[in-house]
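Hello,

Here is the structure I promised to pass on to you. Please open it beside this email, and I will walk you through what turned up.

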Amino acid sequence: MPANINVVDGVAQAWYAGKPAWHGLGTVTERTKTARQVVKQVPLFQRPVETRPIYVNIGGKHVLSEQYVATVRKGDDFPMGIVTNDYTVMQDRDGLLTMEAVVNATRRTSFASAFGLGNGSRIAASIDLSRLVKLRIKRDPSRQEMFLFGTWAHDGTGALNIGLYHNRVDCNNMLNAATAYSKRAGLLVSIRHTGDVNERMRDAQEILGFVEVSAKAHKEEMDALAAIPVKRSWVPEFTEELIPIPEDAKRPKNREEAREVIQSLFANSPRLEGVPESAYRLHQAVVEYADHWRPLRIGKANQLQVSERRFRNATEGPGADLKDTSLELLKQAFMDEPEKVAVRVR
């Protein structure tokens, strides 16, 4: 299953703040937590990682390896990985505290998720930055989000990677999407278990500072769209450009219905209550359609599989592409062609 949450004795080794993850696994608490509090929420984190000697069968004799050791959680007998004997173990508590130190603002922000993956050899967590990075959009009462995420491994396959993402990281699939996004955007820092950790933390803190600048630019862009009213009569024209219907389209009715749903959301969505009819509201109508309304081919899929497909569609599939296209079209219409704006506003 793409969630890949570690389960020990029937208990999912995961914790989330505020709302459950899409897969429904793990403990949920009302409030976010500090690093030390997260350790208490996930039993896996309370079991330290140790190294143990390994033996190699040579000619029928068990010979102690001088170069390699196994990483094992206290209380377990199976190895998570084979590493060199100079490998430095980083406990889960240390990984969480390092993430907290990168943010360096624990009074204003704290952890929103933390979990083990697979056999417990890989860990991931995310910190809510919404109170640190101001993303309030004018005339939109809804909450805007941004998260710092971290992931590390106990099998020798990876360092502590810290990056930024616009969604809370809830599972293996989401971690992969967040890592790929941060890497493409130059927002991913690797902190090795050995070496100058303080220097790498400074790099991570510089990235966090860059994100605050980027968030400010994003806010200014959204505020600009929120300040531009649009005619309802122009919305069908926009949806036709957003969702074209080729002459040889196999399912033209599906595309027509998509256009109609976006137009209806722009006019009547409860999620957009209090948001004026503007270019920003139109983009949010597209976002709502892509994330919650866009039809999926589910066949006989169960509820968990449906949730996973919905997530993939919204973050890395056609739904994500639709949101990107919407923003680009609106920027072209209202920012790149200012002389044509008058025909689209009230």
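To begin with, how many bridges join S11 to strand S12, and in which sense do the two run? There are 3 bridges between S11 and S12 (residues 189-191), and the strands run antiparallel. Across this pairing, asparagine 161 stands opposite serine 190 in S12. Please keep in mind that this is a predicted model.

Strand S11 covers residues 160-165 and is mostly covered, with 6 of its 6 residues buried. In a regular strand, side chains alternate between the two faces of the sheet. In S11, Leu160, Ile162 and Leu164 point one way, while Asn161, Gly163 and Tyr165 point the other way. Both sets are buried.

S11 also has strand S10 (residues 147-153) as a partner: 5 bridges join them, and they too run antiparallel. Here phenylalanine 147 stands opposite tyrosine 165 in S11. S10 and S11 form a hairpin with 6 residues between them. In the turn you will find glycine 156, which has a positive phi of about 85 degrees.

Now to the helix H3, at residues 172-184. H3 has 13 residues and reaches 18 Å from its first C-alpha to its last, close to the 18 Å expected at 1.5 Å a residue. Its buried residues include Asn172, Met174, Leu175, Ala178 and Ser182. After H3 comes glycine 186, with a positive phi near 70 degrees.

Elsewhere there is an open sheet of 3 strands in the order S5-S6-S7, with antiparallel pairing. Strands S5 (49-58) and S7 (81-84) are the edge strands, each pairing on one side only. From one strand to the next, the twist averages 50 degrees. Strand S6 (residues 61-73) and S7 pair over 4 bridges, and valine 69 has valine 83 in S7 as its bridge partner.

The structure holds 4 aromatic pairs. In one of them, the rings of tryptophan 234 and phenylalanine 238 have centres 5.6 Å apart and planes at 40 degrees, so the pair is tilted. Tryptophan 234 and phenylalanine 238 are both buried, and together with Phe334 they form one aromatic cluster. A charged side chain meets a ring as well: arginine 281 lies over the face of phenylalanine 266, at 5.8 Å from the ring centre.

Happy exploring, and do write back with any questions.

Best wishes

How values were computed. Residues are numbered from 1 along each chain as its sequence is written. This is a predicted model: local features need pLDDT of at least 70, side-chain atom pairs count only at pLDDT 80 or more; totals for chains, interfaces and linings use all residues. Side-chain values use heavy atoms; hydrogens and water are left out. Rings of Phe, Tyr and Trp (its six-membered ring) pair if their centres lie within 6.5 Å; planes under 30 degrees apart count as stacked, over 60 as edge-to-face and the rest as tilted. Buried means under 20% relative accessible area, exposed over 50%, partly exposed in between (1.4 Å probe, protein chains only). A charge sits over a ring if NZ of Lys or CZ of Arg is within 6 Å of the ring centre and within 35 degrees of the ring normal. The expected span of a helix is 1.5 Å times one less than its number of residues. Two strands pair if DSSP finds at least two bridges between them. Axes are lines fitted to C-alpha atoms, for helices over the stretch in contact, and angles run from 0 to 180 degrees between N-to-C directions.
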